[in-house]
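Let's take a walk through this model together. Have a look at the fold first, and then we'll go through a helix and a few loops.

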Amino acid sequence: MSIHTAPRTSRGPVRRAERALAPDLARGAMLLIIALANVAGVVFAGEPGLDATPDGVDRGLNFLLFELVHARGYPVFAVMFGYGLVQLARRQDASGATPEQVRSVLMRRNLWLVAFGSVHAALLYYGDFLGAYGIVGIVMTLVLLRRGDKFHRTVLVLWALYAVEILVLGVIVLSRTLGGQGGSAPLPTGHVDSLAAAGYFASMLDRLAEWPMHTLTVLPFILIAWLGMWAARHRVLEEPARHKTLLSWTAVLGLGVAVAGGLPTALVSAGWLHVDESAASLMLLLHGGSGMFAGPGYVAVFGLIVMRITRPGPVVGALSALGRRSLSGYLFQSVAWLVLLAPFTLDLGDRFGSPTVTGLVIAVAVWLATVLIARLLEKRHQAGPAETVLRRLTYGPRA
């Protein structure tokens, strides 16, 4: 992979004054959801992360994780990825770059994301999304970017059809639950070898085998990213007041579907509902499918919040600072899990009582650390280290 600089008629990366608040705020805040979801997986070496025999407070924590966290964080970043791709192309267009030059910049950035993802997976964490973002970004650049509004409305039809599919699956799950014979089957979670490996080299070998399959399974989020692309074409987050009705309905319906679809699995995970193995599998399928709707739902909530912010305070400023450095924040988390939770390092997950509680406390602490670091970098007018490298690779030394 060569590292050529972008053509001189194309422009460099986004400037601070050009950024919209809502996407940055969403990225910064939702990195907490990513931390909570990933730390549960690391602690229990599974996907999704789950204490199969919860007791006491762990029951409630399992319930909340499956209602609000598991399979409900990454769709937000998928929406933001599609949104950001359009914003990047629009800025390049405004600078006078030709379509070929814009495509070159986007392709270079996405190819480097694939490279970042492969290194991230090999060295730190199997559940990498950067490689999948890069692959999806290449497809979107080549197939979707320059299409007209009529073509892009197709994604709304696809989401409507998908909503019907989720509704039908929900009815099936409900009928199976109400008419079933009971049972005590656990949720069918998958074991992740790299998270349970006894040594770093062994974990690396496991990750090299796990990452390609994980990447293939998450590529369908292109449907979520495409919705973000449609929203960006209409400047939904740059002009939230003009789209207040759309944002309100999206927040209610999106999070409503996610919460309702996640309820059966959340009840089983907490030990408050007992079903047979077949019903448990259907519930987990419904949980994952309905989680897609949390992406636009959460994003719409942040769009509505931004409407009420006249002058960002220290909390909004810090979260937005992390959002502008979300790639660095995401990678920082993976380093933290390796150092704090791996069996061959500090292995803190089961040393202080409940692994669920310990893991979630560590997740919040790590996220808060990234918020504080991002705020410090913001005061010094410095980008995140990962963003600096990616921009230099994408745009050349002038970035």
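Helices here are DSSP runs of H or I with at least four residues, strands are runs of E with at least two, and both are numbered from the N terminus. What you're looking at is a predicted model, where local features need pLDDT of at least 70, side-chain atom pairs count only at pLDDT 80 or more, and totals for chains, interfaces and linings use all residues. Residues are numbered from 1 along each chain as its sequence is written, and side-chain values use heavy atoms, leaving out hydrogens and water.

Start with Ala71, in the loop that links α2 to α3 (74-94). Ala71 isn't a glycine, yet its phi is positive, about 60°. Its relative accessible area is 27%, so Ala71 counts as partly exposed (buried is under 20% relative accessible area, exposed is over 50%, and partly exposed is in between, using a 1.4 Å probe and protein chains only).

His381 sits in another loop, between α16 (355-379) and α17 (385-395). Here too a residue other than glycine has a positive phi, near 60°. With a relative accessible area of 75%, His381 is exposed.

For a cis peptide bond, go to Glu47 and Pro48, where omega is about -5°. Pro48 belongs to the loop between β1 and α2 (57-69).

Now for helix α9. How far apart are its end C-alpha atoms? They are 25 Å apart, which agrees with the 27 Å that its 19 residues (200-218) should span at 1.5 Å a residue; the expected span is 1.5 Å times one less than the number of residues. There is a bend of about 30° at Glu210, with Pro212 following within four residues (the bend is the angle between axes fitted to the seven residues ending there and the seven starting there).

Several α9 residues are buried, among them Met204, Arg207, Glu210 and Trp211. The buried residues of α9 pack against β1 (46-47), α4 (99-123), α5 (130-144) and α8 (193-196); contact means heavy atoms within 4.5 Å.

Take α4 as a partner. Its axis and that of α9 come within 7 Å and cross at roughly 140°; axes are lines fitted to C-alpha atoms, for helices over the stretch in contact, and angles run from 0 to 180 degrees between N-to-C directions. The two helices are therefore oblique to each other, since angles under 35 degrees count as roughly parallel, over 145 as roughly antiparallel, 65 to 115 as roughly perpendicular and the rest as oblique. Residues making the contact include Val114 and Leu123 of α4 and Tyr200 and Leu208 of α9.
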